[in-house]
Amino acid sequence: MSEMITADLVDLDLSADTKEAAARALAERMVAQGRVTDLDGFLADVAAREAQMPTGLDGGIGIPHCRSEYVTEPSLAFGRSAEGVDFGAPDGPADLIFLIAAPAGADDAHLTILSALARQLMNAEFTSALRAVGDAESAAALIRGDETPAPSTPENSAATPVAASTGAAAGSSPTAGSPAAASTADKGAGADSGAAAQPFRIVAVTSCPTGIAHTYMAAEALENAGRAAGVELVVEPQGSAGFSRLDPAVIAAADAVIFAHDVPVREKDRFAGKPTVDVGVKAGINRPAELITEVRGKAERGEVSGGTAPTPVERGGEAGEGYGSMLRKWLMSGVSYMVPFVAAGGLLIALGFAIGGYEIKSAPSVMQHFVWTQTDSWAALMFQIGAVAFGFLVPVLAGYIAYGMADRPGLVPGFVGGMIASTINAGFLGGLAAGLIAGGVVLAIQKVKIPAAVRGIMPVVVIPLISTAIVGFLMFVVIGKPIASAQKGMTDWLNGLSGSNAVLLGALLGLMMCFDLGGPVNKVAYTFATAGIAVSNPSDSAMKIMAAVMAAGMVPPLAMALATTVRGKLFTETERENGKAAWVLGASFISEGAIPFAAADPLRVIPSSMVGGAITGSLSMAFGATLRAPHGGIFVVPLIGHAFFYLIAIAVGMCVTAALVVVLKGMRKPAAGSTAPGAPEGISAPTADTKQPVAA
């Protein structure tokens, strides 16, 4: 196996001032060595990973990394920056930057070596040696393990990353739950003395989206903090190379559990019924001692968890997060569960209208009248199924907002509160309020210290009973009527929109749909539109808003597809291939089809998309286009009012965005004699052995 890092992949005088420039500078070294075949494609994968979560760590470390089809072999590039580069770490810029590149199909041995490097980055002697090393060859040798920094403590005397190709990173050491792990603390706490007290026992699981770096860094940080706190802490890292399950006896004997993860914990029910702290993986790296203190406090208070918990995007936020950030997570949890009901119900209703006309909404129940050979019966069936699905929108929204805040105990009061909101015509606003109130009530109840004899019935009897009664009282008696009045006022305002006001609203919704291409802002606009048509008899204004939102959401991928078709030389081969798929994605109203382009060139693609989306939204409103279906793209054009002008609005926005992207990309000024025509800024003209596509 060739070495994963050589002197050619080391830059001890990295001059980049942004994380994108740093990743590009290190990636260019990989391209020059034939380890990366497509620079832009690889950097797009790095940017996509960075968008999931910043890769900066406390202590001046940045670890941009990804798995990519453009990587030929597992590789590391190292850069040392005198000025520092901001990778989003809480304590400031990073001066030690590792670019970790793994092939899409990397084998377990390679991933083990990469994870061992991640663990070693938690070793102060290792990072100090990298800051002091004087030449690239020595730095590469240090990272490979050919040279070992002098340890200051026995715990830090482990082999350096590449040398440590087995053991902790692979899950076969005490970290993975072997008998040796179960006795580690005893050996240091007088276990050979019968009078010694049993140490507090913690089991932990760490995982991150890529499963290469943060997973193992969090494991190392927790183990170090456990030793410092005098507790017996065993970690199960669930990485890309798989994981070794903790011994069931170790889990059974544990006093508490720590989950530090950004993807769902596999086989989570193994840890049910114990005091649990559930946080993101970076919390495991940055504040492991606090997590240990927190979980010990929960154990002392007798707080236990159920079998499952929401993923981080559904969770109520981590300690240190602002209220705004936590509120966004709670609301996105509700919206993410609601959208499938919107799509299924809305499309069934649309099909019912397409087959039987708008009068089908007045058809009798298919339970009373259904003729297999009559088209109208099938139309009525689809409409009535869709209407039932739509009836779940507000309860699901409220229930899963509460779930995002308080886990499963929040579901019952959340759903009941949402159903009450529907019953009293409080609508979408009532659902939001009910979900937040339900989650808050459950969290408040869970803070009450409960006698041990009653804890067993808390999740299934006491919490649902008390929380549902409180939420029901508040929704029916206290806040329900004011919210219903506010909902009616908003509906009346929308119904009264005309002329310039409607056009301005269309432009605003178009901007929101194209701002983050399927992200939270996009979902807010989409939810606002679908809430308006989620009634048995939606207003004309609500259907205009739905039409404007869908039209604007189709623009970014269609525009990128058009731009790659008319000016392909401005895009890489990978982007041109993505452009072909973007035709279908855009036509299907999947805004995410433009994400690969936005990740590679956000400063040109996103503003251009927003301009085109705003124009499309305003034109759709001006033309009076209406839409009863919440999804479907061009496939529901027969259901669109003023369909011809609606398509004109989409075409105009698509052309405007494509033109802006082409103009902005064409204005880039490459360094004289060093850039291939049409290549992005800073990319040198590729040589034959790099396999980098040259623009035609």
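**Entry 1: helices α4 and α5**

I began by reminding myself that helix axes are lines fitted to C-alpha atoms over the stretch in contact, and that the angle between two of them runs from 0 to 180 degrees between their N-to-C directions. I also noted that I am working with a predicted model. With that in mind I looked up helix α4 (residues 124-132) and helix α5 (residues 136-144), and found that their axes come within 9 Å and cross at roughly 165 degrees. Because an angle over 145 degrees counts as roughly antiparallel, α4 is roughly antiparallel to α5. The crossing by which α4 passes α5 is left-handed. On the α4 side I listed F126, A129 and L130, which meet A139, L142 and I143 of α5. Sorting this contact by class, I got six nonpolar residues, no polar ones and no charged ones.

**Entry 2: the chain as a whole**

I then stepped back to the protein chain, which has 25 helices and ten strands. Of its 696 residues, 53% are buried. Among the contacts with a separation of 6 or more, 72% are between residues 24 or more positions apart.

**Entry 3: nonpolar cores**

Which residues have the most contacts inside the largest nonpolar core? I found Y526, V549, M550, L627, I640 and Y646, in a core of 68 residues. Helix α21 (residues 540-566) gives the most to this core, contributing 16 residues. As a general remark for myself, in soluble globular proteins nonpolar side chains tend to be buried together.

Next I looked up G439, which is found in helix α16. Is G439 buried or exposed? Its relative accessibility is 0%, so G439 counts as buried. Not counting residues up to four places away in sequence, G439 touches A402, M405 and A406. I also checked G439 against Y400: the two are 39 residues apart in sequence, and their C-alpha atoms are 9.2 Å apart in space.

For the helix itself, I found that the axes of α16 and helix α17 (residues 458-478) come within 9 Å and cross at roughly 135 degrees. That makes α16 oblique to α17, and the crossing of the two is right-handed. In the contact I noted several residues of α16, including A434, I437, A438 and V441, which belong to a set that meets residues of α17, among them I463, I466, I470 and L474. By class, this contact has 13 nonpolar, three polar and no charged residues.

**Entry 4: two loop residues with positive phi**

Last, I looked at backbone angles. N425 has a positive phi of about 60 degrees, although it is not a glycine. I placed N425 in the loop between α15 (411-423) and α16 (427-446), and N425 is exposed, with a relative accessible area of 59%. H642 is not a glycine either, and has a positive phi of about 55 degrees. I found H642 in the loop between α24 (602-623) and α25 (643-666), where H642 is partly exposed, with a relative accessible area of 49%.

Terms used: Residues numbered from 1 in each chain as written. Predicted model: local features only at pLDDT ≥ 70, side-chain atom pairs only at ≥ 80, totals over all residues. Heavy atoms only, no water. Helix = DSSP H or I, 4+ residues; strand = E, 2+ residues; numbered from the N terminus. Parallel < 35°, antiparallel > 145°, perpendicular 65-115°, else oblique. Left-handed = near helix turned anticlockwise from the far one by under 90°. Contact = heavy atoms within 4.5 Å. Nonpolar A, V, L, I, M, F, W, Y, C, P; charged D, E, K, R; others polar. Buried < 20%, exposed > 50% of the residue type's maximum accessible area, 1.4 Å probe, protein only. Core = buried A, V, L, I, M, F, W, Y, C linked by side-chain atoms within 4.5 Å.
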